[in-house]
Amino acid sequence: MDKPSLLAQIVAALEHDLNVLTRAAQTAYEAATAEENIAENKYDTLGLEASYLATGQARRSAEIRKALVTYQQLLLRDHDPARGVQVSNLVTLEDEDGAQRLLFLGPEAAGLKIGEGAELVTVITPRSPLGQLLVGKRIDDEVSLGTQVFFVTEVV
């Protein structure tokens with residue numbers, strides 16, 4: 001998978017997630033402020049629960065919005081072997097059994113998965129444990145995360 005295409009798919013996924021979450025937050029807000037959900041006694045918590053839900057969804061929307069803006073402004077850089085793995089690099093890791101994983105070291109949106117099958121790319125950030133280990137690594141370097149051992153086989 002080429003990086004410009006991957007970046008476009010990440011932006012599209014974030015836009016979709018933001019749209020869905022914005023609609024859900026609006027629905028929760030409407031439920032929290034609906035006249036029929038005004039508490040009649042201390043055990044009637046439907047409006048309060050909807051308020052908590054709306055607040056959480058609004059926070060998550062803000063996180064996605066920030067990630068979206070960051071990716072829309074992201075400059076894709078070619079891999080510099082002298083600097084090793086950096087943000088915007090697409091990294092192929094191989095474990096001791098030969099199984100490969102594609103990772104995109106991005107500035108935000110950790111855990112986002114793009115594609116499927118052998119083309120599945122997982123977004124990680126430099127703040128994640130694996131991301132911290134990868135920054136600066138070069139091809140053929142070893143990365144150990146707990147009991148798992150990976151080798152950097154390709155960086156784009």
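Two strands pair if DSSP finds at least two bridges between them. Helices (H or I, at least four residues) and strands (E, at least two) are DSSP runs, numbered from the N terminus. The model is predicted, so local features need pLDDT of at least 70 and side-chain atom pairs count only at pLDDT 80 or more, while totals for chains, interfaces and linings use all residues. Residues are numbered from 1 along each chain as its sequence is written, and side-chain values use heavy atoms, with hydrogens and water left out.

Strand 1 pairs with strand 2 (residues 100-105) in the antiparallel sense over five bridges. E94 stands opposite Q100 in strand 2. The two strands form a hairpin with four residues between them, and G98 in the turn has a positive phi of about 90°.

Strand 1 (residues 90-95) is also joined by five bridges to strand 6 (residues 148-155), and these two run antiparallel. Here T92 stands opposite E154. Strand 2 runs parallel to strand 4 (residues 121-124), with four bridges between them; F104 faces V123 in that pair.

Taken together, six strands form an open sheet of mixed pairing, in the order 3-4-2-1-6-5. Strand 3 (113-114) and strand 5 (142-145) are at the edges with a single partner strand each, so one side of each has no neighbour in the sheet.

The largest pocket holds about 220 Å³ of space. Its lining has 14 residues, and those closest to the centre are R60, A67, E108, A109 and A110. A pocket is an open set of points on a 1 Å grid over the protein atoms alone, where a 1.4 Å probe fits, with protein on both sides within 12 Å along at least five of seven lines; lining residues have an atom within 4 Å of a point. Helix 2 gives the most to this lining, with five residues.

Conventions. Grid points are joined across faces, edges and corners, and a volume is the space filled by probe spheres set on the points.
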